[in-house]
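I opened my notebook for a friendly look at one model. Here is what I looked up, entry by entry.

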Amino acid sequence: MLPVVVVHGGAGHVPKERSEKATMGVSSAARSGYLVLQGGGSSMDAVVAAVSQLENNPLFNAGCGSVLNVKGEVEMDALVMDGKTLCSGAVSAVRNIANPVELARMVMDKTSHACLTAEGASMFARSMGVPEVPHESLVTEYSRMRWRKNLEPGADPVACQMGKMGTVGAVAVDVEGNVACATSTGGMMNKMEGRVGDTPCIGSGGYADNHSGAVSTTGHGETIMKVTLARLILFYMEQGHSVEAASDMGLAYMKSRVDGLGGVVTVDPQGNWAARFSSLQMAWAAAQKDMLHYGLYVGEHWSQNIQEPHSPHHADI
Ligand code: ASP
């Protein structure tokens with residue numbers, strides 16, 4: 001079955017006019033990750049390549065396109081985890097960098113810590129020679145518009161976000177059977193300054209262990225943390241459930257226990273994979289055996305040869 005890369009573009013509801021671009025974005029990210037694997041790259045290289053491409057895509061709530069905090073600023077969270085060593089790296093509430101996922105990997109590779117936050121993360125980025133980008137380059141018209149709307153009296157930013165989309169993530173298995181995960185987000189709309197969600201927390205925003213598999217999650221962070229969703233799904237897999245069943249069981253538990261909706265991409269070390277969600281939609285794509293698979297709505301699963309150009313299925317372009 002190996003190798004494979006599976007990517008998500010956030011749980012929620014994708015506005016009609018953005019649905020084709022969303023599936024194109026995740027498909028292209030899955031292709032990039034797959035190219036890395038085909039070139040003999042590791043699963044960690046593949047998930048970082050896929051996620052940094054989505055961070056650069058203004059359509060998604062990560063990197064450029066991140067949602068804004070209550071002060072109208074971008075603060076981002078990201079996580080990577082390596083299933084061979086159980087080493088992880090994360091950054092939280094980091095500003096002024098284009099690719100938090102790459103910084104998270106540097107935290108894993110170049111420090112003895114697992115997570116750096118806020119100004120400390122920025123100082124580390126500077127010391128690593130990561131270019132500082134202007135705040136404005138991360139802000140889109142769309143995120144500014146949503147931020148303004150959410151400042152209006154009676155607005156409900158959490159409900160509003162669950163009706164939208166965006167966090168990005170990937171899981172992969174390489175030719176050696178090593179698994180990895182990466183997740184990156186601008187967090188929740190109009191969040192308090194300094195709010196850190198599930199994304200940079202191992203076990204919640206993602207988890208990778210060669211003994212069971214890898215998961216990247218999306219959804220309301222405070223809810224995901226209550227059930228440590230990524231680790232919960234791997235626990236079900238350790239009990240013998242398939243990637244698909246375990247993903248559904250984790251999401252069902254989050255729904256019944258704490259009334260939370262979300263989505264996940266999951267792999268096991270053999271290369272079995274799943275993209276599952278309890279939200280209305282989640283853009284996802286997977287690349288394996290020269291085939292590209294993708295979808296957006298519940299039950300949707302398109303497949304094509306990976307060499308072929310993306311074929312549109314949603315009537316919005
Ligand atoms: N989990 C992210 C957070 O709470 C948001 C999302 O996945 O849409 O920061």
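How far is an oxygen atom of the ligand from a polar backbone atom of G221? I found 2.9 Å for that pair, where a polar contact is a pair of N or O atoms within 3.5 Å. The protein covers 99% of the 270 Å² of accessible area that the ligand has on its own; such areas come from the Shrake-Rupley method with a 1.4 Å probe.

A note on the ground rules: this is a predicted model, in which local features need pLDDT of at least 70 and side-chain atom pairs count only at pLDDT 80 or more, while totals for chains, interfaces and linings use all residues. Residues are numbered from 1 along each chain as its sequence is written, and side-chain values use heavy atoms, with hydrogens and water left out.

**Around the ligand**

I counted eleven residues surrounding the ligand, the closest being T167, R195, D198, T218 and G219; a residue is near if one of its heavy atoms lies within 4 Å. The shell divides into one nonpolar, eight polar and two charged residues. For this sorting, Asp, Glu, Lys and Arg count as charged, Ala, Val, Leu, Ile, Met, Phe, Trp, Tyr, Cys and Pro as nonpolar, and the others, Gly among them, as polar. I then looked at two side chains. R195 has an N or O atom of its side chain 2.8 Å from a ligand oxygen, and T218 places a polar side-chain atom 2.8 Å from an oxygen of the ligand.

**Aromatic rings**

I got two aromatic pairs, taking rings of Phe, Tyr and Trp (its six-membered ring) with centres within 6.5 Å; planes under 30 degrees apart are stacked, over 60 edge-to-face, and the rest tilted. F235 and Y236 have ring centres 5.8 Å apart and planes at 50°, so I logged the pair as tilted. F235 is partly exposed at 38% relative accessible area, and Y236 is buried at 12% (buried is under 20%, exposed over 50%, partly exposed in between, with a 1.4 Å probe and protein chains only).

For W273 and W284, the centres are 5.7 Å apart and the planes at 45°, so this pair is tilted too. W273 lies in strand β10 (residues 273-277) and W284 in strand β11 (residues 281-288); strands are DSSP runs (E, at least two residues). Both W273 and W284 are buried.

**Charges over rings**

I also checked arginines. The charged end of R18 sits over the ring of Y142, 3.8 Å from its centre, and that of R231 sits over the ring of Y207 at 5.2 Å. The test asks for NZ of Lys or CZ of Arg within 6 Å of the ring centre and within 35 degrees of the ring normal.

Note on methods. A polar contact is a pair of N or O atoms within 3.5 Å; within protein, one must be able to donate a hydrogen and the other to accept it, and residues adjacent in sequence count only if both atoms are side-chain atoms. Helices (H or I, at least four residues) and strands (E, at least two) are DSSP runs, numbered from the N terminus.
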